[in-house]
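Me: I am new to this structure. Please show it, and then let us go through it by question and reply.

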Amino acid sequence: MTERDELVRSLSGLTLFSDLRDADLEAIADPELERRFGEGERVLRRGLSGSGFYVILDGEAAVEIADDDEPRRLRRGDFFGEVSTLLDCKPTADVIARSPLHALEIPGPQLEAFLLQYPRVTYRMLQTVTRRLRDVLG
Amino acid sequence: MAETGHDRPFPPGDYPVVVVGSGPGGLQASYCLSRLGVDCATISQDDAPGGMFRQFPIFQRLLSWSKPDAPAEPGTREYEWYDHNSLVADEPRHQGLVPPLMDRSYIVPSRPEMEAGLAAFAEQVPVPVRYGCSWESTRRADDGRLVLATSDGEYTCRAAVFALGVTTPWFSPIPGIEDVPHYVDTRPPEEYRGRRVFVIGKRNSAFEIADGLLPWAQQVVLGSPRPVQTSVLAQATVRVRYLQPFEDHALGGGTFALDLAVDRIERVGDRWRVSGQGTTRPGAIELEVDDVIAATGFSAPLLDLEELGVRTVAQGRIPAMTPFWESSPGSGIYFAGNATQGAPGLRKHGVGAASAAVHGFRYNARVMARHLVGTHLGPKPACPTVDAPELAPYLLEEATTAPELWAQKAYLARAVYRNGDTEIVPLAAWLDDPGDGAAAVTVEMDASGDVYPAVYSSAEGNVRELLLPPHHLNDFRGPEHEAELRAAL
């Protein structure tokens, strides 16, 4: 099994991409969008413009907001960076790799076209964001 | 010409640093380390300097400009921005060696002009290299030092800089591709006369082939899953490769750039059958062509480095590394040249660094050399200083004229520390650990193509970003920029 197959296979196992055809997954599995971070490395930086949208393929990250005792943990299949990217604002939290992290990044300026090209991904994303909202609202 | 016998420098033995490679990355790293007083041994499997430019690009023309006459004086630091292909040196006489060798037919050098410029640097500086010496394997000694086994014997060192190039043919895992010639095996264009050619790939090397074959081939079809991102191309030096074939595609002139996930490639008599699925426009696609060329990319020849903990990105083709181009902190395994794209930086607004090109990685090498010395050999090399009252005009002067910041946008920064020391550093590293840093400035570009200075100020562990406005002549030294920056600092 080659690494490319692994990237496509990794994507196909994620809820976010589970409705897509293999050809779509191959188009998304762009090696230039593949990111690796070491443990402790900052992925998203609070207060900095120009960030992207990330989907975790492997590993763990933490959302760290100042004075927050319990950072939210992110794992395989989770995504982050959508608020700052969709609203074109600076992130309000740091996201830090808590283990070697393998992720796919859709650069901010490409996210709109990406979501319009793959509406099933947009729908899945909306479901997740709605769940988060429900959890916050109780 | 290979140096032979006792004239060959750097016999196997113990050295503080070993540099592997004699392309632009290796020569630049070796030069920068030597200027910091490091006794580094530089070895190369080749028999002359130049690296990939001894052979590539296939169609003999580079992408990035070198302007013999420019708004800055040749030999100066400011001139470097107008000359993307020469290696950089502290001495004006060793600066800008490529432009005088160009015949001015084009603003970008030919491959032989580039090769000659690199050879001139190696000879004039000089940068001694042990040619004909192949690195074969690597291990770590009990004392933690690295041992490089070569065709000439073993080299032991505290740190090694691998400037290996990214030119080993790499094939996408498509059934049948094993019989397909790679980009590197493209024949002379006249041999494609009247033939229908399918090129696998739609990146730089694929369009270089398409551009080169247009005057000869009956038809060129390019295919890969992802569409060409014309908005990104508009601001990239590689667009010159794309212009003619993509115009041909857009106007229906016979060339096609298909968004196609290729399922398999088969021999049918003396032709090829290419089958796949459309991506942007779904549907089965089948083509019969006379030739297929795999422009599927390249990899860095890492040999056994992964056994020493080197991780990879981009489907295993490129080593992953820290912002200072070390495979992992303290490992002593550094990279120079094209492979430094393995440290992607922040990629703000999706804009990547120029680390795969000479004008980007020549600065990476200079910063890496200072970091390597400070980390592994000590003491940290001395820095120039700036007085605090001059901080704002100094940062704006750098944003306007520093070639490092223009070449490596949002990637390399001019940092100023509270004691007045100043140095060029990777932005990602400075943001994560500004230490006693007061401020850092970069040149950045957003998705609309606007270019502007970004100043990062550090106070009590927090870093604040200030984006200054663009200027119609890219000169940020005026009173408005200075007033805004002074107020923020």
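Me: How many residues does the contact take from chain A and from chain B?
Reply: This is a predicted model, in which local features need pLDDT of at least 70, side-chain atom pairs count only at pLDDT 80 or more, and totals for chains, interfaces and linings use all residues. Residues are numbered from 1 along each chain as its sequence is written, while chains are lettered from A and ligands numbered from 1 in the order in which they are written. Two residues are in contact if their C-beta atoms, placed from the backbone, lie within 7 Å. The contact takes 26 residues from chain A and 26 residues from chain B.

Me: Which elements of chain A each supply at least two residues of the side that touches chain B?
Reply: Helices (H or I, at least four residues) and strands (E, at least two) are DSSP runs, numbered from the N terminus. On the side of chain A that touches chain B, the elements that each supply at least two residues are α1 (3-12), α2 (22-28), β1 (34-37) and α4 (108-117).

Me: How do the residues of the side of chain A that touches chain B divide into nonpolar, polar and charged?
Reply: Ala, Val, Leu, Ile, Met, Phe, Trp, Tyr, Cys and Pro count as nonpolar, Asp, Glu, Lys and Arg as charged, and the others, Gly among them, as polar. The residues of that side of chain A divide into seven nonpolar, eight polar and eleven charged.

Me: What radius of gyration does chain B have?
Reply: The radius is taken over C-alpha atoms, and the globule rule is 2.2 Å times the number of residues to the power 0.38. For 489 residues a compact globule would have a value near 23 Å. Chain B agrees with that, at 24 Å.

Me: Why does α3(B) count as oblique to α5(B)?
Reply: Axes are lines fitted to C-alpha atoms, for helices over the stretch in contact, and angles run from 0 to 180 degrees between N-to-C directions. Angles under 35 degrees count as roughly parallel, over 145 as roughly antiparallel, 65 to 115 as roughly perpendicular and the rest as oblique. Helix α3 (residues 204-213) of chain B and helix α5 (residues 239-250) of chain B have axes 8 Å apart and pack at an angle of about 55°. That angle makes α3(B) to α5(B) oblique.

Me: Which residues of α5(B) does α3(B) meet?
Reply: From α3(B) come B:N204, B:F207, B:E208, B:A210 and B:D211. The residues of this contact divide into four nonpolar, two polar and three charged.

Me: Where is B:P57 placed?
Reply: B:F56 and B:P57 are joined by a cis peptide bond, with omega about 0°. B:P57 has its place in the chain B loop between β2 (40-43) and α2 (111-124).

Me: Is B:R104 buried or exposed?
Reply: B:R104 is not a glycine, yet has a positive phi of about 65°. A residue is buried if 20 or more other C-beta atoms lie within 10 Å of its own, exposed if 12 or fewer, and partly exposed in between, with C-beta atoms placed from the backbone. Because B:R104 has 9 other C-beta atoms within 10 Å, B:R104 is exposed.

Me: Is B:W325 buried or exposed?
Reply: B:W325 is found in the loop between β15 (318-319) and β16 (333-335) of chain B, and has a positive phi of about 65° although not a glycine. B:W325 has 29 C-beta neighbours inside 10 Å, and therefore counts as buried.
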